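Here are my notes on this model for a colleague who has not seen it before. Please read them with the structure open.

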Amino acid sequence: MSAVMWVNHPHRNQAAVWWAVAFGVLLAVRWPAVSVVEFGAVLGVAAAIDVLEYRLPNALLAMACIAAISGAHDVRGILGVVVGAAVAGLPMLFVRLARGVGMGDVKAAAVIGAQLGVRSFTAPAVAVAVAALLAAGAGALMHRQRLALGPCLWIGWCAAQAAVEMGWR
């Protein structure tokens, strides 16, 4: 087996990412900022895959979810995870029922809401609103009705996370 085949084997890549996430969760107990960086990296990879394949891989969304939950260290944090996932995920679910987005986009929005909800109850709604406006603008500029929503969700998460880091609640 060549080195390229060994590296490109999907199970080895997935196992390596799972180990990295597990290590990041352990580090996040001591340094909470690690879970934010880890979350953003995993979500960014999922968004890149969405651009290429029009799908958000469940394995990456599960890893991002684990990174999001690792940021909750108390009862308020756990409540924030649940409320944030509902605030961001339910509107996307309604859009899904109208056949506007895929189920991966709904799951990604819920995971984004869970991560942002740990620190702010309003940031998940802002992330989804930014993503929706960005997707509408991109669709209008490119004259397309179908486009990958993953990158828009990632940018929305970045905007909401930056706002939270600057003290916005």
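1. Is Y54 buried, partly exposed or exposed? The model is predicted, and in it Y54 has a relative accessibility of 33%. Buried would need under 20% and exposed over 50%, so Y54 counts as partly exposed. Look for Y54 in the loop between α3 and α4. Check its backbone too: phi of Y54 is near 55°. That is a positive value, and Y54 is not a glycine.

2. H143 has a positive phi of about 55° and is not a glycine either. H143 lies in the loop between α7 and α8. Its relative accessible area is 74%. The cut-off for exposed is over 50%, so H143 is exposed. As background, most residues other than glycine have a negative phi.

3. Now the overall layout. The protein chain has eight helices and zero strands. From the N terminus on, the order of elements is therefore simple to write: α-α-α-α-α-α-α-α. The chain holds 169 residues, and 38% of them are buried. Consider the contacts with a separation of 6 or more: 68% of these join residues 24 or more positions apart.

4. In general, nonpolar side chains tend to be buried together in soluble globular proteins.

5. Leaving aside residues up to four places away in sequence, L153 touches D105, A108, A109, I112 and A131. A131 belongs to the α7 side of the contact between α7 and α8, and L153 to the α8 side.

6. How do α7 and α8 cross? Their axes come within 7 Å, at roughly 140°. Roughly antiparallel would need an angle over 145 degrees, so α7 and α8 are oblique to each other. The crossing is right-handed. On α7, the contact uses A123, V126, A127, V130, A131, L134 and A135. On α8, it uses C152, L153, I155, G156, W157, A159, A160 and V164. By class, there are 14 nonpolar residues, one polar and no charged.

7. The axes of α4 and α6 come within 9 Å and cross at roughly 15°. The cut-off for roughly parallel is under 35 degrees, so α4 is roughly parallel to α6. This crossing is left-handed. From α4, the contact takes N58, L61, A64, C65 and A68. From α6, it takes G104, K107, A108, V111, A114 and Q115. The classes here are seven nonpolar, three polar and one charged.

Methods
Residues are numbered from 1 along each chain as its sequence is written. This is a predicted model: local features need pLDDT of at least 70, side-chain atom pairs count only at pLDDT 80 or more; totals for chains, interfaces and linings use all residues. Side-chain values use heavy atoms; hydrogens and water are left out. Contact means heavy atoms within 4.5 Å. Axes are lines fitted to C-alpha atoms, for helices over the stretch in contact, and angles run from 0 to 180 degrees between N-to-C directions. Helices (H or I, at least four residues) and strands (E, at least two) are DSSP runs, numbered from the N terminus. Angles under 35 degrees count as roughly parallel, over 145 as roughly antiparallel, 65 to 115 as roughly perpendicular and the rest as oblique. A crossing is left-handed if the near helix is turned anticlockwise from the far one by less than a right angle, and right-handed if clockwise. Ala, Val, Leu, Ile, Met, Phe, Trp, Tyr, Cys and Pro count as nonpolar, Asp, Glu, Lys and Arg as charged, and the others, Gly among them, as polar. Buried means under 20% relative accessible area, exposed over 50%, partly exposed in between (1.4 Å probe, protein chains only).
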